[in-house]
Amino acid sequence: VANRFYECYFPVIFWFVILGAPGALLYRVVAALAGLSDVADRNRLSRIRRVLDWLPSRIFGISLALVGNFRPVMNQLSQTALDYSIATAKLVTRYLRAAVLDSNRPTDDAPRQEVFELEELPRVIDRALVTWIAAVGLLAVF
């Protein structure tokens with residue numbers, strides 16, 4: 001769920017800001033073809049997608065640190081900032097779990113903790129999306 005939220009908005013916005021409409025279209029086409037291709041093409045497209053996701057996922061982590069729990073997200077970022085081998089879905093999930101982590105709640109995979117994370121997920125994503133849109137607006141002004 002967390003990765004779907006991420007991939008629908010954040011890399012598309014990032015590549016739109018960097019390269020315009022062709023950048024956003026490139027990302028969406030690569031993402032769509034990676035799921036529909038045969039094994040050989042899927043591996044190549046997955047590598048291309050991982051390259052396209054590397055920077056937006058780290059910036060997404062920074063925005064989650066700003067709108068969520070700063071210290072746990074920054075700890076995750078410091079561990080994974082330069083690690084290219086981690087899959088984007090796993091990375092985004094780690095950032096989002098750290099952002100919604102409540103120090104008063106257990107960190108195990110208890111059903112109550114999972115329900116809490118699912119309830120907080122849309123709120124954190126919305127705040128991060130507003131942060132990205134505000135940053136893009138500030139870039140446009142300057």
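# Helix packing around H1, H5 and H6

Modeller: The buried residues of H1 pack against helix H2 (21-36), H3, H5 and H6. This is a predicted model.

Biologist: Which residues of H1 are buried?

Modeller: Buried means under 20% relative accessible area. Asn 3, for one, has 19% and is buried. The complete set for H1 is Ala 2, Asn 3, Tyr 6, Glu 7, Phe 10, Pro 11, Val 12, Phe 14 and Trp 15.

Biologist: What does Asn 3 touch, leaving out residues up to four places away in sequence?

Modeller: Asn 3 lies in helix H1. Of H5, the contact with H1 includes Thr 88 and Ala 89. With those sequence neighbours left out, Asn 3 touches Thr 88, Ala 89 and Val 92.

Biologist: At roughly what angle do the axes of H1 and H5 cross?

Modeller: Two packed helices are described by the angle between their axes and the distance between the axes. For H1 and H5, the axes come within 9 Å. The crossing angle is roughly 105°.

Biologist: Are H1 and H5 roughly parallel or roughly perpendicular?

Modeller: Their axes cross at roughly 105°. Angles of 65 to 115 degrees count as roughly perpendicular. H1 and H5 are therefore roughly perpendicular.

Biologist: How many charged residues are in the contact of H1 with H5?

Modeller: H1 brings Ala 2, Asn 3 and Tyr 6, and H5 brings Thr 88, Ala 89, Val 92, Thr 93 and Leu 96. Five of these residues are nonpolar and three are polar.

Biologist: Where does H1 kink?

Modeller: H1 has 18 residues and reaches 25 Å, close to the 26 Å expected. The kink is about 25°. Shortly before the proline Pro 11, the kink lies at Cys 8.

Biologist: Now H6. What span does it reach from its first C-alpha to its last?

Modeller: Helix H6 covers residues 111-141, which is 31 residues. At 1.5 Å a residue, 45 Å is expected. The span in the model is close to that, at 45 Å.

Biologist: Which proline follows the bend in H6?

Modeller: H6 bends by about 35° at Glu 120. A proline follows within four residues. That proline is Pro 122.

Biologist: Is Glu 120 buried or exposed?

Modeller: Glu 120 is found in helix H6. Its relative accessibility is 18%. The cut-off for buried is under 20%. So Glu 120 counts as buried.

Biologist: Which helices are included in what covers the buried residues of H6?

Modeller: The buried residues of H6 include Phe 116, Leu 121, Val 124 and Trp 132. Their cover includes helix H1 (2-19), helix H3 (39-67) and helix H5 (88-100).

Biologist: How many charged residues are in the contact of H5 with H6?

Modeller: The axes of H5 and H6 come within 10 Å and cross at roughly 100°. That makes H5 roughly perpendicular to H6. Leu 96, Arg 97, Ala 99 and Val 100 of H5 meet Phe 116, Glu 117, Glu 120, Leu 121, Val 124 and Ile 125 of H6. Seven residues are nonpolar, none is polar, and the charged number three.

Biologist: What is the relative accessible area of Gly 68?

Modeller: Gly 68 is found in the loop between H3 and helix H4 (70-80). Buried is under 20% and exposed is over 50%. Gly 68 falls in between and is partly exposed, at 23%.

Notes: Residues numbered from 1 in each chain as written. Predicted model: local features only at pLDDT ≥ 70, side-chain atom pairs only at ≥ 80, totals over all residues. Heavy atoms only, no water. Helix = DSSP H or I, 4+ residues; strand = E, 2+ residues; numbered from the N terminus. Expected span 1.5 Å × (residues − 1). Bend = angle between axes of the 7 residues up to and from the residue. Buried < 20%, exposed > 50% of the residue type's maximum accessible area, 1.4 Å probe, protein only. Contact = heavy atoms within 4.5 Å. Axes fitted to C-alpha atoms, helices over the stretch in contact; angles between N-to-C directions. Parallel < 35°, antiparallel > 145°, perpendicular 65-115°, else oblique. Nonpolar A, V, L, I, M, F, W, Y, C, P; charged D, E, K, R; others polar.
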